[in-house]
Amino acid sequence: MDKIVITGGRRLNGDVVLSGSKNSALPIMAAALLAEDTTVISNVPNLRDIQTMIKLLRALGAKASFEDGRVVIKPGKELNPVAPYKLVSTMRASVCVLGPLLARTGHAQVSMPGGCVIGARPIDLHLKGFEALGARIKVEHGYVVARAQKFLRGSEMYLGGAFGSSVLATGNVMMAAVLARGKTIIESAACEPEVVDLANFLKKMGAKISGEGSPRIEIEGVKKLHGIEYAIVSDRIECGTYMFAAAMTGGDVMIKQALPSNQNAVIDKLLQSGVRIDKGKNFLRIRGRARLKPTDVTTLPYPGFPTDMQAQMMALMAITPGISVITEKIYPDRFMHVSELNRMGAKIYLESPRAIIHGVKRLSGAPVMASDLRASAALVLAGLVAEGKTEVYRVYHLDRGYFNMEGKLSSLGAVIKRERE
Ligand code: EPZ
């Protein structure tokens with residue numbers, strides 16, 4: 001297994017280029033199943049989750065390959081509707097093959113995703129949406145079995161849950177509805193840029209969708225979709241992570257391929273923290289200050305502050321003088337990074353779903369354990385500013401969502417390398 005070793009204390013300077021969005025690419029790869037002919041998706045990041053999705057598409061009978069940031073998918077006429085436990089258990093996003101399989105074959109059997117380190121992650125909203133489209137759903141032997149009677153039928157539905165909207169449920173139901181008979185209206189749809197990217201992809205395939213990016217999406221079912229070429233948007237969470245790296249180290253970093261209009265909540269919080277930000281159509285320049293100011297953050301569905309940036313925000317608050325507060329509204333137990341940050345000298349008190357952060361003057365490097373993807377990123381950020389050496393173990397979590405993070409950070413001047421344990 002690999003570990004990341006960081007010697008803290010360097011200011012980051014220079015340019016960094018973002019990769020394509022993992023959370024856009026995964027459902028879009030699943031959506032390619034909706035056509036029989038070939039789809040080519042570019043700007044796909046080379047990550048472990050992408051490789052898992054390739055394996056899953058192959059298990060479903062599609063031809064799929066990945067080379068040089070391009071995924072080529074040829075689903076063909078016949079699909080196998082069973083998504084096996086072995087693959088689904090390694091990646092929850094596998095659940096987004098349910099919608100396309102149901103739409104294409106009228107039948108989908110997908111291993112029920114289990115618990116997850118960031119908390120309970122039910123899929124009731126996905127199933128509610130499929131039922132509204134006329135599918136019959138059973139959970140049998142650990143699998144969700146969904147069957148359309150003859151075909152799916154468009155309908156009006158409310159997809160809001162206790163924590164607001166769901167990104168993948170919105171995408172999943174949208175993918176099922178594009179080939180349903182008649183009109184579907186999804187109320188309380190997720191507004192995340194990844195949902196918009198998926199809708200753009202589906203529209204290019206021939207789907208009729210409007211309202212994406214708002215809480216009401218309308219879909220007029222069509223008979224057939226066709227394979228296309230499509231480029232994935234850049235990764236807004238990777239972007240936010242480098243924004244924080246620059247801010248925390250007091251650096252001056254130009255982030256290229258950024259889409260500032262997707263980052264308003266993060267930009268707002270960094271401005272409140274005293275960070276200087278210049279933005280253009282597709283870049284962000286971040287200049288950190290020696291002294292940051294404390295803030296309060298509540299994670300919310302888009303356009304609110306993203307839960308996927310919560311751990312990184314906490315790393316910044318850990319070194320910000322004064323008291324900051326984070327309230328986690330999406331995954332109230334997503335705080336596995338707290339104890340590891342505290343092992344590095346942070347002073348964070350947890351009263352879930354709230355963390356109270358007393359900023360310290362400096363963190364001290366330590367061996368730490370990554371628990372999930374974004375927690376790993378927060379530990380790397382903490383390592384960049386900690387005194388001495390930080391070793392981040394279980395780096396496979398980081399590899400699920402950040403392409404070449406150590407390479408990108410070292411090109412900005414960080415002292416960071418990957419080593420075999
Ligand atoms: C997506 O997960 C992302 N994953 C997550 O990224 C991200 O944290 C999350 O959205 C929130 O932004 C992918 O896109 C692959 P949700 P998703 O359904 O869609 C509850 C990362 O680090 N809920 O929007 O599965 C749920 O428990 C990750 O890249 C239900 O109650 O998340 C949560 O509280 C991890 N019932 C809230 O909704 C459901 O059926 C939002 O979850 C579905 C969700």
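A residue counts as buried under 20% relative accessible area, as exposed over 50%, and as partly exposed in between. The model is predicted. The briefing covers the ligand site first, then the backbone.

**Ligand shell**
- The ligand is surrounded by 23 residues.
- The closest are Asp124, Leu125, Ser166, Asp308 and Ile330.
- By class, the shell holds twelve nonpolar, five polar and six charged residues.

- Arg374 places a polar side-chain atom 2.7 Å from a ligand oxygen.
- For Tyr331, an N or O atom of the side chain is 2.9 Å from an oxygen atom of the ligand.
- For Asn23, the corresponding distance from a side-chain N or O atom to a ligand oxygen is 3.1 Å.

**Cover and contributing elements**
- On its own, the ligand has 830 Å² of accessible area, and the protein covers 90% of this.
- Helix H5 supplies the largest share, with three residues.

**Backbone: cis peptide bonds**
- Most peptide bonds are trans.
- The bond joining Tyr302 and Pro303 is cis, with omega about 10°.
- Pro303 sits in the loop between strand S18 (296-299) and helix H10 (310-318).
- A cis bond also runs from Ser352 to Pro353, where omega is near 5°.
- The loop that holds Pro353 lies between strand S20 (347-351) and strand S21 (354-358).

**Backbone: positive phi**
- A negative phi is the rule for most residues other than glycine.
- Ser188 is not a glycine, yet its phi is positive, at about 60°.
- Ser188 belongs to the loop between strand S11 (183-187) and helix H7 (193-205).
- The relative accessible area of Ser188 is 17%, so Ser188 is buried.
- Arg394, also not a glycine, has a positive phi of about 60°.
- Arg394 is in the loop between strand S23 (389-393) and helix H13 (405-411).
- Relative accessibility is 37% for Arg394, so this residue counts as partly exposed.

Definitions and conventions: Residues numbered from 1 in each chain as written. Predicted model: local features only at pLDDT ≥ 70, side-chain atom pairs only at ≥ 80, totals over all residues. Heavy atoms only, no water. Near = heavy atom within 4 Å. Polar contact = N/O pair within 3.5 Å; in protein donor to acceptor, adjacent residues only side chain to side chain. Areas by Shrake-Rupley, 256 points an atom, 1.4 Å probe, with all protein chains shown as cover. Helix = DSSP H or I, 4+ residues; strand = E, 2+ residues; numbered from the N terminus. Nonpolar A, V, L, I, M, F, W, Y, C, P; charged D, E, K, R; others polar. Buried < 20%, exposed > 50% of the residue type's maximum accessible area, 1.4 Å probe, protein only.
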